[in-house]
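Welcome! Take a moment to look over the sequence and the 3D structure, and then we will walk through them together.

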Amino acid sequence: NRIAANRATLAADEGIRRMVIAEQGLGQRPIEELLDYAEAVLKMTLNNDTISYLGRIKTGRCAYILQDAMRRGAPASAAQAIIEATADLSKATPKDQKLGESALVDVIEFIEVTYIRGTAEDYVGKSVDEQRRYMQWKIISAQAGKNLLKLTQNKEPDPLPEFDDTDLDF
C-alpha cells in the first residue's frame, strides 16, 4: 500500500501538467475533463497543487470536489481554494451557484466547529501560535461569508410557508 501511495503522489505531482497542457495547446482542455481528472487524483491523494489549481476554476462542481478534499484532510488549502473558486459565480448556472453556496456554508460550519470554537477572549491567554491560528481561521471564515453573501444577495428569499390560525390551536 505504501508503494501505491507513493505512485499516487508522483502521479498527482505530474498531473498538474496534464491538466494544463492539452493537445490543442496550453489551457485548452475542457473544464469537465479537468474536473474529472482532478476528482480522481484527489480521491487517491490530497495534493495541494491540485487543490490550489482547482481554486482557479470557477464552477460549483469544483467547489463540491474541494469540499470533499477539505473534509478528508486538507482543510486550509481546500478552504482557500473554495473561496477562490466561488469568488465570482454570479454569472454561473443556478446549479453551479447552488453547489457553490453549499460548499461555502460547509466551509463556514467546518471552520466554526473544528477550529474556532469559542470567542476571541477565550484565546487571549493562549500561546501566540494558537492566537495566530485562531485569527487565520477567522479570516478564512469571514471571506467565505462574504462570498456567500455575494452569491445570495441578488436572489429572492424563499417564501415563508402559508399557515392559517387553526394551526396555532392547541
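What does the accessible surface of the protein chain come to, and what share of it belongs to carbon and sulfur atoms? The total is about 11200 Å², and 54% of it belongs to carbon and sulfur atoms. Accessible areas here come from the Shrake-Rupley method with a 1.4 Å probe, and for residues only the protein chains shown count as cover.

## About the model

This is a predicted model, in which local features need pLDDT of at least 70 and side-chain atom pairs count only at pLDDT 80 or more, while totals for chains, interfaces and linings use all residues. Residues are numbered from 1 along each chain as its sequence is written, and side-chain values use heavy atoms, with hydrogens and water left out.

## The overall layout

The protein chain has seven helices and two strands. Here helices (H or I, at least four residues) and strands (E, at least two) are DSSP runs, numbered from the N terminus. If you follow the sequence along, the pattern reads α-β-β-α-α-α-α-α-α.

Of the 170 residues in the protein chain, 35% are buried. Buried means under 20% relative accessible area, exposed means over 50%, and partly exposed lies in between (1.4 Å probe, protein chains only). Now for contacts, meaning heavy atoms within 4.5 Å: among those in the protein chain with a separation of 6 or more, 60% are between residues 24 or more positions apart.

## Salt bridges around Arg61

A salt bridge is a side-chain nitrogen of Lys or Arg within 4 Å of a carboxyl oxygen of Asp or Glu. By this rule there are six salt bridges. One of them joins Arg61 and Asp36, whose closest N and O atoms are 2.7 Å apart. Arg61 sits in helix α4 (residues 60-72) and Asp36 in helix α2 (residues 31-44), so this pair ties together parts that are 25 residues apart in sequence. Asp36 is partly exposed, at 45% relative accessible area.

Arg61 also forms a salt bridge with Glu39, with 2.8 Å between the closest N and O atoms. Because Glu39 lies in helix α2 and Arg61 in helix α4, the pair ties together parts 22 residues apart in sequence. Glu39 is partly exposed, with 23% relative accessibility. Salt bridges link Glu32, Asp36, Glu39 and Arg61 in a network.

## From helix α4 to helix α6

Which residue does Arg71 meet in a salt bridge? The partner is Asp106, at 2.4 Å from N to O. Arg71 belongs to helix α4 and Asp106 to helix α6 (residues 94-114), so the pair ties together parts 35 residues apart in sequence. Arg71 is partly exposed at 48% relative accessibility, whereas Asp106 is buried at 8%.
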